[in-house]
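Have the structure open in the viewer and follow the stops below in order. Each stop says what to select and what is there.

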Amino acid sequence: EEGIYYVVFSYMEEDAGVYAAKAAVRIAQALADGTAYDLATDIQQLREIREDTRLGPSTGCIVEEALKRGIPYIRLNKQSLVQLGYGVHQKRIRATIASTTGNIAVDIACDKEETKNLLGAAEIPVPGGTVVRSEAGLEQAVNKYGYPLVIKPIDGNHGKGNTTNITTWEQALTALEAAQKYGRSVIVEKFITGFDFRILVINYKFICAALRTPAAVTGDGEHNIQWLIEETNKDPRRGYGHEKVLTQITIDQFTQKMLDEVNYTLETVPPKGELVLLKPTANLSTGGTSNDVTDEVHPENIVMCERIAKIIGLDICGIDIMAKDLRTPVSENGGAILEVNAAPGFRMHIDPSVGLPRNVAEPVVDMLFPKGSAGTIPIIAITGTNGKTTTTRLTAHIAKTAGYKVGYTTSDGVYIQNQMMMKGDCTGPISSQFVLKDPTVDFAVL
């Protein structure tokens with residue numbers, strides 16, 4: 001019909017695609033009306049939709065590695081729960097926790113005190129510390145361990161509620177309050193100085209190591225901190241959320257606190273060459289950077305990390321070590337194991353700011369689908385005009401007689417092992433997915 005047009009467009013995230021289509025109509029209308037249009041808002045909105053809906057960098061790299069090997073995937077929810085493979089051969093991942101990861105191990109890793117006790121009992125170097133629930137407990141801990149201290153929630157993540165390098169009673173009280181927002185029990189431990197390293201152990205084998213640096217700027221003797229942050233954020237490698245290798249540095253209460261500690265404000269002009277830290281923890285999600293140091297790790301440290309993964313029982317395991325370097329054994333250089341993480345982020349290893357990128361998804365997929373197991377099931381697809389359902393039933397019957405557990409779709413319903421699961425004309429993609437998601441099916445006729 002005249003004046004009616006069909007537009008075909010492609011997208012990677014459906015919600016972003018729909019938004020872009022609607023925005024395109026608004027832009028065309030603004031052009032026709034000759035009115036101004038604010039494109040920046042649309043672009044930011046699209047970024048936010050993408051960050052909300054797409055798979056994160058860690059889950060995404062595992063899915064890509066699976067696809068390279070011909071292992072299909074189905075996304076099971078709006079977050080990061082993904083099925084790799086079909087039917088009876090399927091495995092699941094959620095972020096970087098796999099269906100092979102033990103529940104007890106994750107529980108232990110989430111309880112930092114439990115982790116420390118187990119590792120300490122196995123003669124792994126851990127910082128001295130204790131759990132406190134009140135000001136009185138905090139006072140005892142301060143008297144026992146002395147400053148500097150670290151205070152953090154017992155089951156925190158992404159560095160939330162952590163305060164490091166506490167040297168006065170006032171700081172300790174503020175830190176206790178910050179940590180108790182995430183739970184009544186908090187850990188008080190000795191502050192270990194050195195560099196922040198993350199070791200990745202997959203399937204109980206050492207894979208790689210990264211040196212993490214918190215978000216920081218370096219003084220040039222001319223400009224103030226605010227200008228230096230804006231200049232650092234202009235780096236083309238820094239983007240919104242997880243869109244690029246690095247995340248933009250934002251100014252929040254942690255940044256203000258870090259500056260207050262050294263009596264600086266955003267207007268201060270730091271001397272040339274001085275490193276001004278802007279965040280207390282070295283997480284990439286808050287603007288930190290990572291250097292790959294895999295080839296520098298001492299063999300004794302490698303053995304220790306593989307042992308830690310076994311002690312906790314975690315098959316995908318991120319180990320945080322504070323030490324002056326990893327070239328010498330941690331047990332000798334005064335370093336310590338700070339925590340063990342279930343679902344460690346892969347971004348710092350697949351895209352380090354400096355050094356070799358590591359394909360850390362490869363050992364994960366090797367672990368889930370060992371020795372070339374494909375992860376797929378036989379699928380027979382039937383099309384035509386009349387008689388498709390009859391042919392499907394006959395084919396399904398032959399496969400069933402041969403000993404398979406068959407799932408099949410027809411124009412009167414979906415059947416799993418001869419039981420009707422859905423009624424109606426079920427010949428579309430949703431019904432096919434229903435069969436392929438079913439963990440009891442080892443043969444599909446669609």
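**Stops along the chain**

Select Gln-417, which is partly exposed at a relative accessible area of 38% (buried means under 20%, exposed over 50%, partly exposed in between; 1.4 Å probe, protein chains only). Gln-417 lies in the loop between strand E20 (413-416) and strand E21 (419-423) (helices, H or I, at least four residues, and strands, E, at least two, are DSSP runs numbered from the N terminus). Its phi is positive, about 45 degrees, although Gln-417 is not a glycine.

This is a predicted model, in which local features need pLDDT of at least 70, side-chain atom pairs count only at pLDDT 80 or more, and totals for chains, interfaces and linings use all residues. Residues are numbered from 1 along each chain as its sequence is written, and side-chain values use heavy atoms, with hydrogens and water left out.

Next, select Tyr-204, in the loop between strand E9 (195-202) and strand E10 (205-213). Tyr-204 is not a glycine, yet has a positive phi of about 65 degrees. Its relative accessible area is 22%, so Tyr-204 is partly exposed.

Go on to Thr-294, in the loop between strand E15 (289-292) and helix H10 (299-312). Thr-294 counts as buried because its relative accessibility is 9%. Its side chain reaches the backbone nitrogen of Ala-209 at 3.1 Å. The side chains of Thr-294 and Arg-358 are joined by a polar contact of 3.5 Å (a pair of N or O atoms within 3.5 Å; within protein, one must be able to donate a hydrogen and the other to accept it, and residues adjacent in sequence count only if both atoms are side-chain atoms).

Finish at Pro-148, joined to Tyr-147 by a cis peptide bond with omega about -10 degrees.
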